[in-house]
Amino acid sequence: MSAERVPHRPDDAPLDDRQLRVLAFEARAWQQPASKAEAIRDEFGISAARYYRILGELIDSPAALRHDPMLVKRLQRLRSARRAARSQRSLSLGRPLD
């Protein structure tokens, strides 16, 4: 009798090496965005835009939350605050002038 294979759920997948490196990179303190963008190119060999897409997916991952809950929650709060600020700016641009 053979064991039945259970499909592997992505939520249960462990973090790969790059994902672990991204979380470690985000845990560093960055004072200037320009130096961070340069460090992203040096460290990962990708553009900052690509890096932030990867990071966005990563911080929504249950595995990342399990790995470093404080960091992931902080990054999620920062992302939410940026979205709220963008939304507020776009709403204020649409107001009629008095």
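How many salt bridges does a search of the whole structure find? The search finds three, a salt bridge being a side-chain nitrogen of Lys or Arg within 4 Å of a carboxyl oxygen of Asp or Glu. Before we visit them, note that this is a predicted model, in which local features need pLDDT of at least 70, side-chain atom pairs count only at pLDDT 80 or more, and totals for chains, interfaces and linings use all residues. Residues are numbered from 1 along each chain as its sequence is written, and side-chain values use heavy atoms, with hydrogens and water left out.

Let's start with Lys36 and Glu26, whose side chains form a salt bridge at 2.9 Å, N to O. This pair links distant parts of the chain, with Lys36 in helix α2 (residues 33–44) and Glu26 in helix α1, 10 residues apart; helices are DSSP runs (H or I, at least four residues), numbered from the N terminus. Lys36 is buried at 11% relative accessible area, and Glu26 is buried at 6% (buried means under 20%, exposed over 50%, partly exposed in between, with a 1.4 Å probe and protein chains only).

Next come Arg28 and Glu43, which meet in a salt bridge of 3.6 Å, N to O. Arg28 lies in the loop between α1 and α2 and Glu43 in helix α2, so the pair ties together parts that are 15 residues apart in sequence. Arg28 is partly exposed at 39%, and Glu43 is partly exposed at 31%.

Finally, look at Arg79 and Asp60, joined by a salt bridge of 2.6 Å, N to O. Here Arg79 sits in helix α5 and Asp60 in the loop between α3 and α4 (62–67), 19 residues apart. Arg79 counts as buried, at 16% relative accessibility.

Key:
Helices (H or I, at least four residues) and strands (E, at least two) are DSSP runs, numbered from the N terminus.
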